[in-house]
Amino acid sequence: MIATRSIGFSAICLVWAGLLAGGWCEAAGGTADDGPADAVFVNGKVLTVNAHSSIAQGFAIKDGHFLAVGSSQAIRRYIGKNTKVVDLGGRMVVPGLCDGHFHDEGGGRGIDLSMARSLADVLTAVEAAVKKAKPGEIIVSNSDWHEAQLKEKRLPLATELDTVSPNTPVVLVRGGHSLILNSAALRTWRITKDTVPPQGGAIRKGPDGELTGEIFDNAKRLVDLPPPPPVTIDDVLATQRKLNAFGITSVRIPGGYKGQLLQDYQLLKQARNSGQLTLRYTVYLPGFGVRDPARIREMIANSGLKPDEGDEWVRIDGVKLGVDGGFEGGHMTKPYAEPYGQGGTFYGLTLVPPAAFTAVVKEINRMGWRVTTHAVGDAALDEVLDAYEAANAEHPISGQRWAIEHAFIARPEQIARIKKLGVILSVQDHLYLAAPSMAKYWGLERARQVTPLKTYLDSGLLVVGGTDSPVVPFNPFWEIYHFNTRDTISDGVYGPDQRVVSRETLLRMITINYARLTGEERIKGSIEPGKLADFAILSDDILTVPARDLLNMKALATYVGGKEVFRAAGYP
Ligand SMILES: [Zn+2]
């Protein structure tokens, strides 16, 4: 009954510009007949993110859902003899935060380079691992680091890795697209100057024609790394705890989580069945790299899954595809900056030929599934839009929650095409981390316009935020800081014209917009009666805190389905 209650009358609540005292709206949603609540929260500043951007003082919770939202006075009416009463002491409450593009939180069992700040730090970490290695072992790093964090702002060379590991193979995994090998590793997999990279991949050479050790995108297939240890329920639970500490209550998993996606999905379901989930998951099947409609049909059939199966804890949404590389292989219509442009001939990588990609997309659409696609460069975006338009001509995709991941670069007419198709954009704060690399690969002018968020929003597109963790750390407050300021970790402000001044707009991208992307806007994404009681009490006022202080924000407490899943040390 609660879930179906109209949420319409919060319109009477105070709207933004905000009177701060007295005259708060009546409790929206509940009536006296609803009886006492399980818990009430009063005396706070509650950003509801409802249609009117209302700010309330409190809310009541019953059976894991918001029962009523409104003034403290109105909410106190729901207090019964067993109701837990929480005085927020003026603290800010926001809907549970969401990460629209999350793989894992970083870390892992390889070498940890996340805190390296120079090439010397990288070499020290490699050297330590080599000393401990057993004969025949291959040294592998975790992927959650980027050369932009290093003083030198470049990757180590194979020859530099050789100085600390002349004989033991070393493979540094960098984000989702690059591997950096030392000479022993290059020998192990027989990669030489003469090796022809697979289509959609590249083997980097220096100005002297020698291998640098970096290989990327489809060339990664030349290396077959030892399989990571199997993922366990404990891994899943540890990840949830880390995210809950930042107020995160939902994540969208685009094709890759910790291990094999189908096994991960079973683990998530197992954790749900045993009541251990404190995070909600929307999962996409991995179809990155598939070029054959028959193959995708078989993969989907073998998964035994259906789109939208699951519940509010773990659900399947669609298939994740990809057409180009990342920072070093995003497919552009204009060549890369020199020397990466190779004399104006390098435009990035096409991981799946356009005709094959279109055929796969049409096949998925015919099967009644939705698609989301990784596209970094504007040429990649053309490929995706061509395919989506072809699919749309057969069975309309508009309103079916099809999406594009990343969209670093877009031309104006492409934005019009995205809008016409009703496609949703899933963007992240890669620029915050990797600005100097983007400038190096694409030139400063292009890098400054990476992820033109303001343009997207001004064009009326539905845009969802995220981090692509572990590529970028999963901290949602860093993401808001970056999009609010366009500041970067190591290279100052890029493209100030793309700043999004309204922090509420940015918060919407990781709350209600996320819920619209996953088709769950009726059950979550805002603090409104009838919705799941997912919310976070924050350390600071996200609307007014000085921008710089956003970087240090955290959750004081996080609730999922009305249940406390995190409380900061020292928070009463
Ligand atoms: Zn990703």
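Predicted model: local features only at pLDDT ≥ 70, side-chain atom pairs only at ≥ 80, totals over all residues.

Start by selecting serine 250: beyond its neighbours within four places in sequence, it is in contact with Leu97, Cys98, Asp99, Leu279, Arg280, Tyr514 and Lys524, where contact means heavy atoms within 4.5 Å. Draw a line between the side chains of serine 250 and lysine 524 and you have a polar contact of 2.8 Å. (A polar contact is a pair of N or O atoms within 3.5 Å; within protein, one must be able to donate a hydrogen and the other to accept it, and residues adjacent in sequence count only if both atoms are side-chain atoms.) Serine 250 sits in strand β14, residues 248–254. Strands here are DSSP runs of E with at least two residues, helices are runs of H or I with at least four, and both are numbered from the N terminus. With a relative accessibility of 1%, serine 250 counts as buried; buried means under 20% relative accessible area, exposed over 50% and partly exposed in between, using a 1.4 Å probe and protein chains only.

Residues are numbered from 1 along each chain as its sequence is written, and side-chain values use heavy atoms, with hydrogens and water left out.

**Zoom out**

Show the whole chain as a cartoon, and you will find 17 helices and 23 strands. Its radius of gyration is 24 Å, close to the 25 Å that the globule rule gives for 572 residues, so the chain is as compact as a globular protein of that length. (The radius is taken over C-alpha atoms, and the rule is 2.2 Å times the number of residues to the power 0.38.) Along the principal axes, the C-alpha atoms fill a box of roughly 80 × 55 × 45 Å. Buried residues account for 60% of the 572. Of the contacts between residues at least 6 apart in sequence, 73% join residues at least 24 apart.

**The cores**

Which residues touch the most other members of the largest nonpolar core? Select Tyr281, Tyr388 and Ile404, in a core of 112 residues. Helix α11 (residues 430–442) supplies the largest share of this core, with nine residues. A nonpolar core is a set of buried Ala, Val, Leu, Ile, Met, Phe, Trp, Tyr and Cys residues joined through side-chain atoms within 4.5 Å. Another core, of 23 residues, lies apart from that one; Phe41, Val86, Ile537 and Ala557 are among its members.

**Aspartate 468**

Next, select aspartate 468, in the loop between β20 (463–464) and α14 (476–485). What is the nearest side chain of opposite charge to aspartate 468? That is lysine 320, 6.6 Å away, and the buried aspartate has no salt bridge. Two histidines make side-chain polar contacts with aspartate 468: histidine 103 at 3.1 Å and histidine 430 at 2.8 Å. Its contacts beyond four places in sequence also include Asp99, His101, His406 and Gln428.

Stay in this loop for proline 470, where the peptide bond from serine 469 is cis, with omega near 15°. For another cis bond, go to glutamate 338 and proline 339, with omega about 5°.

**Serine 526**

Move to serine 526, in the loop between α16 (512–517) and β21 (535–538). Serine 526 is buried, at 2% relative accessible area. Its side chain has polar contacts with those of glutamate 528, at 2.5 Å, and lysine 531, at 2.7 Å.

**Two positive phi angles**

Finish with alanine 407, whose phi is about 45° although it is not a glycine. Alanine 407 is buried, at 1% relative accessible area. Asparagine 43 has phi near 65°, and at 36% relative accessibility it counts as partly exposed.

Note on methods:
Lys, Arg positive; Asp, Glu negative; His and termini not counted. Salt bridge = Lys/Arg side-chain N within 4 Å of Asp/Glu carboxyl O.
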